[in-house]
Amino acid sequence: MTPAIESEPLCLLADIPDGNAIEVEALVAGEVESLMVYRHGDEARAYFNVCPHAGRRLDYVPGKFLVRSGQIICAAHGATFTAESGDCTAGPCRGDRLRPVAVTVRDGAVHLA
């Protein structure tokens, strides 16, 4: 996967099933990072693909996330995060949060903000 750079879109909003998430790679602060991009209707949120509990990836296989009813579940230890805010609501890192990455949706594409 070739990482997106700031002027290129991360993905198309249509690439993400509504209420779910995909993984993209992007150049963030000069580093290639794995990001999880979550879609809710015409909006998108992005987070670093890292659980704050043990620093492991959130996806259970590359690019596949456990997302249920607006909750993102870490595949490693079951920590549960609210997709809208990234707040951990259950599990070993309750009270912590996912690290957000600012994104915008323009013309049906998700871009770094």
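**Before selecting anything**

This is a predicted model, in which local features need pLDDT of at least 70 and side-chain atom pairs count only at pLDDT 80 or more, whereas totals for chains, interfaces and linings use all residues. Residues are numbered from 1 along each chain as its sequence is written, and side-chain values use heavy atoms, with hydrogens and water left out.

**Stop 1: the whole chain**

Display the protein chain as a cartoon: 0 helices and 11 strands are present. Here, helices (H or I, at least four residues) and strands (E, at least two) are DSSP runs numbered from the N terminus. Along the principal axes, the C-alpha atoms fill a box of roughly 35 × 30 × 25 Å. The radius of gyration of the protein chain is 13 Å, which agrees with the value near 13 Å for a compact globule of 113 residues; the radius is taken over C-alpha atoms, and the globule rule is 2.2 Å times the number of residues to the power 0.38.

Next, colour the chain by accessibility. Of the 113 residues, 40% are buried, where buried means under 20% relative accessible area, exposed over 50%, and partly exposed in between (1.4 Å probe, protein chains only). Among contacts with a separation of 6 or more, 39% are between residues 24 or more positions apart; a contact means heavy atoms within 4.5 Å.

**Stop 2**

Select residues 11–12, 103–106 and 109–112, which are strand 1, strand 10 and strand 11. They form an open sheet of 3 strands in the order 1-11-10, with antiparallel pairing. Strand 1 and strand 10 stand at the edges, each with a single partner strand, so one side of each has no neighbour in the sheet. Two strands count as paired if DSSP finds at least two bridges between them; strand 1 and strand 11 are joined by 2 bridges. To view one of the bridge pairs, show Cys11 together with its partner Val110 in strand 11. As a general point, strands of a sheet pair through backbone hydrogen bonds, either parallel or antiparallel.

**Stop 3: the salt bridges**

How many salt bridges does a search of the whole structure find? The search finds 5, a salt bridge being a side-chain nitrogen of Lys or Arg within 4 Å of a carboxyl oxygen of Asp or Glu.

Show the side chains of Arg45 and Glu84, which form a salt bridge at 2.8 Å, N to O. The two residues are 39 residues apart, with Arg45 in strand 4 (residues 43–48) and Glu84 in the loop between strand 7 (80–82) and strand 8 (88–90). Arg45 is partly exposed at 27% relative accessible area, and Glu84 is partly exposed at 33%.

Move to Arg97 and Asp87, whose closest N and O atoms are 2.3 Å apart in a salt bridge. Arg97 lies in the loop between strand 8 and strand 9 (100–101) and Asp87 in the loop between strand 7 and strand 8, so the pair ties together parts 10 residues apart in sequence. Salt bridges that share partners also join Glu23, Arg57 and Asp59 into one network.

Is Asp59 buried or partly exposed? At 8% relative accessibility, Asp59 is buried, whereas Arg57 is partly exposed at 37%.
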